[in-house]
Amino acid sequence: MSDDITDPADPTPPGSAAETPSPPKRRDRAPLIEFAEAAGFALSDPTDEDLLADHARRWTSRAILVATLLLAALNSPSIQTWATTLPPTWGSQTIDDLAEVWTSRLEQLGLDQPRTVVHDHYQGFQQLSWRDVVKTLRVRRAPAGNPKPR
Amino acid sequence: MLFPTMIFGLFFLVVYASTWSLNRENERRKQFLLLASWVFYAWWDWRFVGLLIASAVLNWFVAKQIGETEDRRRRHMLVALGVTINLIILGFFKYYGFFVEQFGEMLKLAGWERDLPLMHVILPIGISFFTFQGMSYVIDVHRGKCPRAHSLLDVMLLMSFFPHLVAGPIVRASDLLPQFAKAPKLSREMAAHGLLLIAWGLFKKTVIASELATNLVDPVFFDPTAYGAGDLLGAAYGYAVQIYCDFSAYSDIAIGVAALLGYRFPRNFDQPYRARSLQEFWRRWHISLSNWLRDYLYVPLGGNRDGLVRTCINLMITMLLGGLWHGAAWTFIAWGAIHGTVLIIERVWWSAIRKPDWPRMSPVWGVLITFNVVCLAWILFRSDSFATAMAYLQGFGRLTAPTLLTPFIVTLIVGGLALHALPSRAIERAASWLCRIPSPAAGLTVGVLILLVEAIRPPGIAPFIYFQF
């Protein structure tokens, strides 16, 4: 049995220079990579492990970005509350003004509603007394309608 | 800079983006993380950044000297020197006032009343954690359990790394230094676990612990004489839930933040109120501290190698010093003494009294007894003085209707305890699901979870309980 396994459709003879890819010449490399190497960043060809890690990092960064944007849009009252607690300086006043504008715009769009609804329900639960609980339980135990005549 | 604040959120986003952009240059990455950690620490008091640096330089130098010498006696002297200097730093900042006060009391009893040089020493935040970490590095290098750090930068980052800097977990050099040796690699499982731990920690701290502190525990412990048995019992259980949710939340967020930066921290809590004995409790509560005390105090004292009596003495010494580690007050020492006594009772029971053919107690009874012993000890831990603790215990005889135990508060206590009934690796399991979904969906899931927490949390945030230690 021959060890020589070549693709008959491949015109390149085995052992030719085209079979083994040569490393890119300095002139062929991207200018950004050359700049990075000149700045002292050691760049090497990534391994499979590196590629997986890069992929995981991009996945994490996108997840964090989406979570941040969601919170910036739906949790604007917290941003405003935080801005009002900053010590009074020119910078904090600017942040406070921006937060106020941001919050009011999102309120106009109704984006504060999910948070407000949850907050209101939760506050109602916080204010429950034992009497309210007993009353609710009695109402639930009572028959829903009149019993059907036999 | 507290974890559950907007400013920390912004700080973390900057640190996250910058560190990963420096990923191919590990040294620069570490330098950046060190600078960020100093900024984090300086947010409380910039003056103590110098102490942090000095402590790291000291431990690096001593470990370097230990590593470079073969002479056994010199190595022993060096490790003793390193441990002593660390203890002097801790003793001065944390215990100076306490010891001077006690010395003054002793002189007064002996009839030699004197004006002693009392100073108001400011306690640097997290000093107990970073000095213990420094000590463990020096001792581990001496014992050969951990290789010497490649550079001063590694030791500085080991001691100053911001996720664990102020309230642990106490991460050993042998855990963290190998991770500093090369640029970390993130996996989706690790990131998903980190994101969920952060959301979970925020919930436990800002919803359960904060509400219980404000509406039940703080008012009752402020004046226990004003409340009846129901409120006092509720506040004792409430404090058990509060301190668990508070401290484990810090650990969860710290582990989560470190995971997002590519580093693994050890687990610090494992559903402690499920423990069937106090010995088991200490394997589940503040695991990094109990392991530290075991490896660097209990075992060097002789551990359980020299007979039952010696074991009991070693247990008591370890727990008394563990109590003192928490704070410079007799109430903490008494808390340690209670734990030490019960651990001794358990040890004597299992090794000297109990016969092998006796029937075994139901695990439920073990959990109930252990939990109530722990709660009794928490009363001393939380009280600012023995007088307050005694007033608290006497109040159990006042049978009046509870005023603070609303349905909401009872739900928080029961819910906080019910967390211990969850499967033991629930977050890991949820993370293994989260990491399989596309990143926008994962981001939405985490965002919605945090939004829910934000919607129900009370405004403002109290510092974590363990910051004072």
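**Chain A**

- Chain A has 6 helices and 0 strands; helices (H or I, at least four residues) and strands (E, at least two) are DSSP runs, numbered from the N terminus.
- Of the 150 residues in chain A, 11% are buried, where buried means 20 or more other C-beta atoms within 10 Å of the residue's own, exposed means 12 or fewer, and partly exposed is in between, with C-beta atoms placed from the backbone.
- Among contacts in chain A with a separation of 6 or more, 42% join residues 24 or more positions apart; two residues are in contact if their C-beta atoms, placed from the backbone, lie within 7 Å.
- Over residues 1-21 of chain A, pLDDT stays under 50, and the model has 4 contacts beyond four places in sequence for them.
- Where pLDDT is low, the predicted coordinates should not be read in detail.

**Contact between chains A and B**

- The contact takes 34 residues from chain A and 30 residues from chain B.
- On the chain B side, H1, H9, helix H17 (407-418) and H19 each supply at least two residues, and H19(B) gives the most, with 13 residues.
- By class, the chain B side has 20 nonpolar, 5 polar and 5 charged residues; Ala, Val, Leu, Ile, Met, Phe, Trp, Tyr, Cys and Pro count as nonpolar, Asp, Glu, Lys and Arg as charged, and the others, Gly among them, as polar.

**Helix H19 of chain B**

- H19(B) covers residues 439-456, and its 18 residues reach 26 Å from first C-alpha to last, close to the 26 Å expected at 1.5 Å a residue; the expected span is 1.5 Å times one less than the number of residues.
- Its buried residues include B:Ala442, B:Val446, B:Ile450 and B:Val453.
- The buried residues of H19(B) pack against H2 (48-74), H3 (76-85) and H5 (113-126) of chain A, and against H9 (188-222) and H18 (426-434) of chain B.
- B:Ala199 touches B:Val446, B:Leu449, B:Ile450 and B:Val453, not counting residues up to four places away in sequence.

**Domains of chain B**

- The domain assignment gives domain 1 (6-184) and domain 2 (189-468), with bounds from an automatic or database assignment.
- Their C-alpha centres lie 25 Å apart, and the contact takes 23 residues from domain 1 and 22 residues from domain 2.
- The side of domain 1 that touches domain 2 has 14 nonpolar, 7 polar and 2 charged residues.

**Positive phi in chain B**

- B:Gln271, in the loop between H10 (229-260) and H11 (278-284), has a positive phi of about 45° although it is not a glycine.
- B:Gln271 counts as partly exposed because it has 17 C-beta neighbours inside 10 Å.
- B:His286, in the loop between H11 and H12 (287-301), has a positive phi near 40° and is a residue other than glycine.
- B:His286 is buried, with 22 other C-beta atoms within 10 Å.

Notes
Residues numbered from 1 in each chain as written. Chains lettered and ligands numbered in written order. Predicted model: local features only at pLDDT ≥ 70, side-chain atom pairs only at ≥ 80, totals over all residues. pLDDT = per-residue confidence, 0-100.
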